[in-house]
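Subject: A structure for you to look at

Hello,

Here is the structure I promised to pass on to you. Please open it beside this email, and then read on for what turned up in it.

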Amino acid sequence: MSDLRALFGIEHPIVLGPFGGLSSVALTAAVSEAGGLGGFGLYGFDGDRIRSTIAALREKTARPFAVNIWLPTGDEVEPNAQHTVFAQALQPFYEAVGLDVPGRPESYLPSLDEQLDAIWESAPPVLSVVFGVPSGEVIDEARRRGIRVVGTATTVAEAVALADAGVDAVVATGLEAGGHRVSFLRPAEDSLIGTLALVPQVVDAVDVPVIAAGGIADRRGVAAAFALGASAVQVGTAFLATAESATTDAHRDAIRSTAADKTVLTRAMSGRLARGARNRAVRAIEASGTIAPFPMQNWLTGRFRAVANEQGLGELQSLWMGQGAPLVRARTASDAFAELLAGVPQEK
């Protein structure tokens, strides 16, 4: 635990899960200011937006924070003729929020090179990655700039691959976690290991600090993670429900009212497997049997989800949450942090 604190320059071994599309500067800074490691998801951000976001974080806190990017897996689709077919399949959702069916864009995502250029220029304290192993060039450049690198694993084999590549720490994320399953060695459906089983096996398999994630929402989950050998915990859903997060009241209400067995793993919203509430949009898209591959599906649903967020229509949003959602009580970041901190064992 003390090694991880020194590694990141933090007081408490509590890490904010990065939310792709739902992160906020206010929440990230609040966790860092409390002595943890704030996290900010940069999914879909171009270079300019990355630079401005990291600058905004530095204005809010002088303490360490992490930014997160998605590594390409090689199966991402580019805009093609199928775009129109899949877009028309979602027409009822566009109509529901008053949008026309969107045309084909030039690209669905900025390039990894563009994102990395901005990250190297901005030099955040910590870079975390999902969906793969950072290259040797990325690890070397991060070290040259004094940036710590954290990888994310859903299996022991993924954790070993990350440790062998030279990351500074590994997040072991169990199937209970909300949002995307970030598996990369095998399909996500074949990489579903619970936090209780995954964490101690990863601890035994790697020689870098392990950060436990998945289903941890209160002091009891934190204490359990440390008993399993973790050096820190990463928490998403409990912070997502706080006032400082960038999500909507409808999403916060859903977190507090969705039973653990009512969250589902689905490809409906993004084309990749992710855990959230099965609302109207998820049910209808799954029933249609028409789901575009990633990132086409994510871009297409993102058009109506963004407007649904503005209109407070929870049934048309991506209501990402983990199975620990029923344990969420805190309504502010400080209260959530205090609850989690109560579960951290005191060093003797």
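Strand β7 and strand β11 (residues 274–277) pair in the antiparallel sense, over two bridges. If you want a spot to begin looking, find G179, which stands opposite R275 in β11. Please keep in mind that this is a predicted model. The pairing belongs to an open sheet of three strands, in the order β7-β11-β10, with antiparallel pairing. Its edge strands are β7 (179–180) and β10 (263–266), each of which pairs on one side only. As a reminder, strands of a sheet pair through backbone hydrogen bonds, either parallel or antiparallel.

Next come the aromatic rings. A pair of aromatic rings is described by the distance of the centres and the angle of the planes. How many aromatic pairs are there? The count comes to eight. One of them joins F40 and F45: the ring centres are 5.9 Å apart and the planes stand at 65°, so this pair is edge-to-face, the word for planes over 60 degrees apart. F40 has 5% relative accessibility and counts as buried, because buried means under 20%. F45, also listed at 5% relative accessibility, counts as buried too.

Is the pair of F93 and F304 stacked or edge-to-face? The centres of the two rings lie 5.1 Å apart and their planes are at 20°, so the pair is stacked. This pair links distant parts of the chain, as F93 is in helix α5 (residues 91–96) and F304 in helix α14 (residues 296–311), 211 residues apart. F93 is buried, with a relative accessible area of 6%, and F304 counts as buried at 0%. There is also a cluster to look for: ring pairs link Y43, W70, F131 and F294.

Two arginines sit over rings as well. R49 lies over the face of F45, 3.7 Å from the ring centre.

Now for some backbone details. Where is the cis peptide bond? You will find it from F294 to P295, with omega near 0°. P295 has its place in the loop between α13 (280–288) and α14. F294 is also one of the rings in the cluster mentioned above.

Two residues other than glycine have a positive phi and deserve a look. For A123, phi is near 50°. This residue is in the loop between α6 (112–122) and β4 (126–130), and A123 is partly exposed, with a relative accessible area of 25%. For F131, phi is near 70°. F131 is found in the loop between β4 and α7 (136–144) and counts as buried, at 4% relative accessibility. F131 is another member of the ring cluster.

Finally, turn to the second largest pocket, which has a volume of about 320 Å³. Which residues lie nearest its centre? They are P72, L109, P110, S111 and L112, out of 18 residues that line this pocket. The lining divides into 11 nonpolar residues, four polar and three charged.

Enjoy exploring, and write back with any questions.

Best wishes

Key:
Residues are numbered from 1 along each chain as its sequence is written. This is a predicted model: local features need pLDDT of at least 70, side-chain atom pairs count only at pLDDT 80 or more; totals for chains, interfaces and linings use all residues. Side-chain values use heavy atoms; hydrogens and water are left out. Rings of Phe, Tyr and Trp (its six-membered ring) pair if their centres lie within 6.5 Å; planes under 30 degrees apart count as stacked, over 60 as edge-to-face and the rest as tilted. Buried means under 20% relative accessible area, exposed over 50%, partly exposed in between (1.4 Å probe, protein chains only). Helices (H or I, at least four residues) and strands (E, at least two) are DSSP runs, numbered from the N terminus. A charge sits over a ring if NZ of Lys or CZ of Arg is within 6 Å of the ring centre and within 35 degrees of the ring normal. On a 1 Å grid over the protein atoms alone, a cavity is a set of points where a 1.4 Å probe fits but cannot get out, and a pocket is an open set with protein on both sides within 12 Å along at least five of seven lines; lining residues have an atom within 4 Å of a point. Grid points are joined across faces, edges and corners, and a volume is the space filled by probe spheres set on the points. Ala, Val, Leu, Ile, Met, Phe, Trp, Tyr, Cys and Pro count as nonpolar, Asp, Glu, Lys and Arg as charged, and the others, Gly among them, as polar. Two strands pair if DSSP finds at least two bridges between them.
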